[in-house]
Structure formats: C-alpha cells, structure tokens
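Here's a quick walk through the secondary structure of one protein chain. Have a look at the fold first, then read on.

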Amino acid sequence: MTLYELQPTRSARARWTLLELGVPFESIAGREVFEMPELAQIHPLSKLPALRDGGRPLFESAAICNWLADSHPEAGLLAPSGTWARALHDQWVAFTLSEIEAFLWHTARNMFILPEDERLPAVFPQNEAAAKRGLAVLDAHLKDRDWLVDDRFSLTDIFTGYAACWGVWQGMAEDLPHLTAYVERLQARPLCPYHQDVPAAVPA
Ligand SMILES: N[C@@H](CCC(=O)N[C@@H](CS)C(=O)NCC(=O)O)C(=O)O
C-alpha cells in the first residue's frame, strides 16, 4: 500500500484512515510529489492524495477512505453498504464536498495557488458566506451528539471532520460552539493528524 500525500492537506484523511485501520503503508510525501510521473499515472490531474493498493491506482480522498474502510470491515470504521448508517455517511460526504469544501478550496486557490495575476479576491466574501452556511448545518447537527453518525466515531468524522477543522482554522466557527467542540474532540483522538493550518501548507 502506497500513499502519495502532502501534509497537512486533504491527504490527512487518507493517512488517518490508514492509521485507524492499522494498515501498514509506504508514504511518498512532499511538494515534489506533484511533479512525479508516478503520481500522474494515478491521478489525471496530479493531485493529492493518491493511493496505490496492490498495484491498483485510486484517487479522490472520499474514494480512497471509503475503499480502505470497506476493504477492512473488521475494524468497523464504516457501516456496510445497504445500511441506513452508510446512507448517512454518504450524505455527509456529499454535503461536505459540495456545501463546504468547494467554497473553502475556491478561496484557497484564489489566495495561495493560482498565479497572482489570476487571483480574484472578490470571491472571498461569497465563498465564506456559503461555507459558513454548510458549517452551521454541522454545528446544529452536533448540538446533541458527539459524532456525526450513530453517535460513535467513524469514517464520517475523519472525512467531514477535516472540512470542519478547515473552517475553524479559517476563523469561520467563532459563533459555532458545537462545531468548535467537535474539532477539539477530533484533535484529542490519539491518531488524529489534523493539527495545522491548511492554507499555510497548500502548495503555492
Ligand atoms: N477532491 C480532491 C481534492 C484534491 C486536491 O485538490 N488536493 C490538493 C491538495 S489539498 C492538490 O493536490 N492541490 C494541487 C493542485 O490543485 O494542483 C480530494 O478530496 O482528494
């Protein structure tokens, strides 16, 4: 098992999943990974994270994390397909990507990643408002529970929890106490790698 990663970014989801599952893996890490032909063979856009499992290439953090948890069912990190708990996991993953992360990432691209003359700071307020709407949904859901699905820690928390941390790091959760407490619970877990600010580490 080989994980191509850059920490701390969305690669951390795959790393945490592997650690929770106790699966040994080789790590190929760092900014130089973006230039590696072997990454381009896995991810058509040479993005991270990317995984090679027994020679088979896989990209997108959601697909990687789901595959890892599904292929190690004994760990109980993810409810099986066909259960209601799995439907709820799928719901939170889709919600995270479309209602929170898309906006956080669009801002990050316009703040750190695109060439300076292509950046559009005008998108920041709109993205912040949209991401906050999504984060507020998580905050309301977490009012009466510690974890997102079935009130037990699961892959859903590894996945969606990353976007929750990202929102907190961006100062978007000051009026979201349940989300803030949730991020603290995540970070208190012994294997949690979500401890640094994302934008500072996103490739320039
Ligand atoms: N939706 C993808 C996002 C992958 C992604 O954009 N990763 C960033 C690091 S967080 C990256 O590779 N950036 C380099 C680039 O955009 O060219 C996932 O969740 O895996």
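## Ground rules

Helices (H or I, at least four residues) and strands (E, at least two) are DSSP runs, numbered from the N terminus. The model is predicted, so local features need pLDDT of at least 70 and side-chain atom pairs pLDDT 80 or more, while totals for chains, interfaces and linings use all residues. Residues are numbered from 1 along each chain as its sequence is written, and side-chain values use heavy atoms, leaving out hydrogens and water.

## Helix α6

Of the 15 residues in α6, 14 are buried, meaning under 20% relative accessible area with a 1.4 Å probe, protein chains only. After the helix comes G171, with a positive phi near 75 degrees.

## The sheet

Four strands make an open, mixed sheet, ordered β2-β1-β3-β4; two strands pair if DSSP finds at least two bridges between them. β2 (26-29) and β4 (56-59) are the edges, each with a single partner strand, so one side of each has no neighbour in the sheet.

β3 (residues 50-53) runs antiparallel to β4, with four bridges. L51 has L58 in β4 as its bridge partner.

Definitions and conventions
Buried < 20%, exposed > 50% of the residue type's maximum accessible area, 1.4 Å probe, protein only.
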